[in-house]
Amino acid sequence: MTPAAPSSPPPPQIAEVTPALVVRDLRIGTQARELLHGIGFEVLAGERVGLIGESGSGKTLTALAVMGLLDDNLTASGHVHVAGERNLLARSDLQLVRLRGARMSMVFQEPMTALDPLRRVGAQVAEVIRLHSAGGRAAARLRAVELLTEVGLPEPALTARAYPHQLSGGQRQRVLIAMALANDPALLIADEPTTALDVTVQARILELLAKVVAKRGAGLLFITHDLALVSQVCERVVVLKDGVVVEQGAVAEVFADPQHEYTRTLLAASSLSPRLSPLISATPYSAQNADHPPPIIRLTDVTRRYPRPGGRFVDALKGISLEIAPGERFGLVGESGSGKTTTLRLLAGLDMPTSGTVEVAGVTLAHTPVVELVETTTETRPGQRFVASAAELARVRANLQLVFQDPMGSLNPRMRVGNIVGEPLLNPANRADIPEATTRRERRALVRDILTAVGLPNDAARRYPHQFSGGQRQRISIARALVCRPKVLVADEPVSALDVSVRAQVLELLARLADEREFTLVLVSHDLAVVRHLCDHIAVMRAGEIVEHGPTEQVWASPKHEYTMALKAATPTMSKRRH
Amino acid sequence: MAWLAGQLVATLAIASLLVFWVLRVLPGDAATVALGMNATPEALATWRAEHGTDRPLIVQYGEWMAGLFRGDFGRSFLTGNDLTPLVLDRVQVTLILVGLSLALALAIAIPLGTLAAIKHRSLWGVVITGGSQLGVAIPNFLVGVLLVSFVSVRLDWLPAGGWVPPAVSLTEFLRHVTLPVIALGTVQAAIITRYVRSAVLEVMREDFLRTARAGGLTYGQALMRHGLRNAGVPIITVIGVQISAMLIGAVVVERVFVVHGLGSLLVDSAQNRDLQAVQSIVLLLVALVVVINFIVDLLYTLLDPRLRLAGSVV
């Protein structure tokens, strides 16, 4: 896998034998405790190695130690050699500065904040070039535009003059890749480079990364928690757990025949096959009712138009209609900007449509009748708008609860978990249908029950959110949403911030609770695999429209719309390999 | 831009109405103050007719505004002199004082605040932060009094007060201006240091500094090239607010150092019920503050492309 591109100068003979990166007995720790316990691995020139593990396993620490960018309160010992250089850990920061961005470079996770917002992106790429080469300003500018061309940005000369905020997340990540490649490094480290991006964008960025390192014969250290990505991008894999390498080897071998227990768990959790567990029955209880019950959620010709300065506007929803039956598990799939979040806000009564009808749990939230003006013209125009009263909104909110994406940001850090979960019960509207929630003691019992139901320890109610892991926090959010027994639970990307092994557990919990407590589940996600895993019906959204909907397996097996096909193709799976 | 300019004009119009109205509502008749308690009603009426205070308020306001548009501040009720040269002379003094104090404050605050942020875990950071806390707590007239009693009276290094315009003698100007500038500037330096420190601390945590370092910049280079400009937006906000505070602070410092600036003119005029002078000076101060805020708003858009018209580049 080291095809030297004919255009680049032939790599010196030594590059064939010198590994891009050698890590030996790397230990990182604070004064109080050691976080990384002597790990070792190699990345050969032209080789793509995946470093996988869950949050807290030490992946990013390893990368930062190689780059010499560890925080001041962390110390590293051991051996790190990049492209045959002497041990980097034994060298001063001033010596490392010459290597960073030249012999080794790094692409970070969060493209939205990784670029200086006040400087044009071309200038930022040019800066890295000029730091390590003698050429003048004009030459660096030209080279920057060349690099922006290579990473596939449209109209590179114009893009070079853009500021970061004028580019999308995927485009910014391309700029960062261009910066990292500016001086043809021997080693490129990519730390979760696509976590913040949409799946279709992710697929293209991964393709780009593989291409540019192959062209340069550089080594790639690809850090991720997603095994499917590793199987697509990398040749070898290093599995990290709690600061120790538990397994490493060729991707095909490790994934086919994992030796370590932890790798097996990770693998099992990663392949979100539909109906992974027998717990996930996906039988809507409505099926027991012979006569068709009325839908619990009905959107009819809903549009939402947001005004923008200068008399312009954005159509977030362009007339969508959908029905969700009681007990259904409904998945809403789409990428950023597709209108998922707007739909969700309308359902929760947090926003009102520009036109159309929104009905939730028997309450009409908004309704715009269409009046036909027969006598003069055949034109139809919207009639008088109807909007639900505050009392009706309160009733809807008692019946429709939300679980948000960020389990930390959505829990008040200064409140005990018991109070967080019990808070919805303090609102009389929410407990109108729960007779056993009148006294404080009764409410506390309800909170205890629901915390047990979501699988949290007995003492959870007395603790604070920061004392829980990400997955547990999401369980707290679910408990809070379910405590007042809603008819509908809307989960907005409930697992996208979680590690893979935890992801499966939380999805399983949602499915089990939906069956046990007989609520309708609306799952909003960008990840077709997650939705397929859990839902019986899905709707695919794009640019404010529902492009396809139907029973999950039907949509998955034979997608009709090209966008659904693109989404399916871009969804990383363990079986797909890119070469 | 047009929006900002409109805001500026509207603010000034409202301020002028307010100043005019408040001064008319306050007790203390200008004619009585000018002629004394024992003046006959006829004398008072004559005085009012002479100075035009017997006409309808709307006419008085219109005349005042029309004068200001021509660059005419009107005539003093007290002396009958044209206020314009006096006010312009005094405003020069105050602006020089405030400008130099600001320069001193920034020269101290930006390096010290940055240092305090970089070394926030070490002794230096604690010393600077503690020192600036002390500076914030001391009012600037107290600094002035202390400076006079030590530097001027005890050591006799610099004059205790007075003012020599720079055009007359540059060395004398500097000798006279040093102490008031220190009194006004150091307290501001202490306040701005704290804001610089927190703005730089904020920026130090940004992802793009790490990106810059990964590209081969040293920590210091990354901070200078990418950090300070990003920290600039909040710092400029504070500087804008502090200039306004300094204009007010100058009133007191001018008193301590017997400098005849706008502040002392305002205080004298207010004591003498010289309505015409007071309203013109107050409006001038308001105008200065509003214009400074306008400049700050313009600087934002220069500094931060996100605040410019979105989507105009690509």
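Predicted model: local features only at pLDDT ≥ 70, side-chain atom pairs only at ≥ 80, totals over all residues.
**View 1. Overview of chain A.** Chain A contains 20 helices and 22 strands. Of its 579 residues, 53% are buried. Among contacts in chain A with a separation of 6 or more, 68% are between residues 24 or more positions apart.

**View 2. Helix H8 of chain A and the residue that follows.** H8(A) covers residues 199-216, 18 residues in total. From its first C-alpha to its last, H8(A) reaches 26 Å, close to the 26 Å expected at 1.5 Å a residue. Buried residues, those under 20% relative accessible area, number 14 of the 18 in H8(A), so the helix is largely enclosed by the rest of the structure. After H8(A) comes A:Gly217, which has a positive phi, near 65°.

**View 3. Helices H4 and H12 of chain B.** Two packed helices are described by the angle between their axes and the distance between the axes. Here H4(B), residues 57-69, packs against H12(B), residues 275-303, at an angle of about 55°, and the axes are 12 Å apart. Angles under 35 degrees count as roughly parallel and those from 65 to 115 as roughly perpendicular; H4(B) and H12(B) are therefore oblique to each other. Their crossing is right-handed. On the H4(B) side, the contact involves B:Trp64, B:Met65 and B:Leu68. These meet B:Gln276, B:Gln279, B:Ser280 and B:Leu283 of H12(B). By class, the residues of this contact are four nonpolar, three polar and no charged.

**View 4. Helices H7 and H8 of chain B.** H7(B), residues 140-154, and H8(B), residues 170-204, pack with their axes 9 Å apart and at an angle of about 140°. Since only angles over 145 degrees count as roughly antiparallel, H7(B) and H8(B) are therefore oblique to each other. The crossing of H7(B) past H8(B) is right-handed. From H7(B), the contact takes in B:Asn140, B:Val143, B:Gly144, B:Leu147, B:Val151 and B:Ser152. From H8(B), B:Leu179, B:Ile182, B:Ala183, B:Leu184, B:Thr186 and B:Val187 take part.

Key:
Residues numbered from 1 in each chain as written. Chains lettered and ligands numbered in written order. Heavy atoms only, no water. Axes fitted to C-alpha atoms, helices over the stretch in contact; angles between N-to-C directions. Helix = DSSP H or I, 4+ residues; strand = E, 2+ residues; numbered from the N terminus. Left-handed = near helix turned anticlockwise from the far one by under 90°. Contact = heavy atoms within 4.5 Å. Nonpolar A, V, L, I, M, F, W, Y, C, P; charged D, E, K, R; others polar. Expected span 1.5 Å × (residues − 1). Buried < 20%, exposed > 50% of the residue type's maximum accessible area, 1.4 Å probe, protein only.
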